[in-house]
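Open the model in your viewer and keep the sequence panel beside it. We will go from one selection to the next.

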Amino acid sequence: MTRVLLPASNHSQWAESVADVVVDTEDDDDLTAVVAHVFDDDEVESTNENLDIEGRAKVDELASRKSGVNAATQRLEDAGIDTEVRGVEHEGEPAEAIVAAVDEEDADRLYMYSRKRSPAGKAVFGSTLQEAILKARVPIVVVPSNAL
């Protein structure tokens with residue numbers, strides 16, 4: 001059984017691009033894709049308020065309502081890939097939460113999107129991606145911005 005982790009932002013096109021790469025790349029009939037949304041404390045509270053949820057919803061439920069998570073999950077499920085949704089709360093840098101989620105989910109690979117960079121900036125990834133590359137214990141597939 002193979003497990004991959006896809007952190008999904010609120011940007012649906014990015015999430016769809018990453019999901020498309022998973023569909024095109026992975027060749028395991030027993031694949032599970034874990035689509036995660038990383039929340040900071042303020043986002044958990046604001047999402048609860050925006051959805052008008054009485055009390056405090058579980059963070060996995062909040063993640064399942066994010067547009068990027070829905071876009072990625074739909075692409076993966078349409079391709080017949082089993083999916084799970086996770087909400088990940090963090091304090092500090094999002095990369096730390098992503099790396100911790102890799103371990104917690106026992107993921108075999110991590111798929112991340114790389115934003116478009118200027119010609120001079122192409123040698124440097126964004127801080128979250130760069131930190132995940134340096135700290136993750138699994139291979140990382142970086143989906144370039146021109147994959148859209």
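Select helix H1 and colour Trp14, Ala15, Ser17, Val18, Ala19 and Val22: these are its buried residues. Buried means under 20% relative accessible area, exposed means over 50%, and partly exposed lies in between, with a 1.4 Å probe and protein chains only. Helices (H or I, at least four residues) and strands (E, at least two) are DSSP runs, numbered from the N terminus.

This is a predicted model: local features need pLDDT of at least 70, side-chain atom pairs count only at pLDDT 80 or more, and totals for chains, interfaces and linings use all residues. Residues are numbered from 1 along each chain as its sequence is written, and side-chain values use heavy atoms, with hydrogens and water left out.

Stay on H1, residues 12–25. Its 14 residues reach 20 Å from first C-alpha to last, close to the 20 Å expected at 1.5 Å a residue. The expected span is 1.5 Å times one less than the number of residues.

What covers the buried residues of H1? Show S1, S2, helix H4 (67–78), S4 and S5, which are among the elements that do. Contact here means heavy atoms within 4.5 Å.

Now look for aromatic pairs. Rings of Phe, Tyr and Trp (its six-membered ring) pair if their centres lie within 6.5 Å; planes under 30 degrees apart count as stacked, over 60 as edge-to-face and the rest as tilted. The count comes to one aromatic pair. Select tryptophan 14 and tyrosine 113: they are stacked, 4.9 Å centre to centre, with 15 degrees between the planes. Tryptophan 14 lies in H1 and tyrosine 113 in strand S4, so the pair ties together parts that are 99 residues apart in sequence. Tyrosine 113 counts as buried, at 14% relative accessibility.

Next, select all of S4, residues 109–113. Four of its five residues are buried. Which strands pair with S4? Strand S1 (residues 2–7) does, in the parallel sense over two bridges. Strand S5 (residues 140–143) also pairs with S4 in the parallel sense, over four bridges. Two strands pair if DSSP finds at least two bridges between them. Click valine 4: its bridge partner in S4 is arginine 109. Then click leucine 110: its partner in S5 is isoleucine 140.

Step back to the loop between helix H5 (94–104) and S4, and select aspartate 106. Its phi is near 55 degrees, a positive value in a residue other than glycine. Is aspartate 106 buried or exposed? Aspartate 106 is exposed, with a relative accessible area of 52%.

Finish on H5. Ala95, Ala97, Ile98, Val99, Ala101 and Val102 are buried there.
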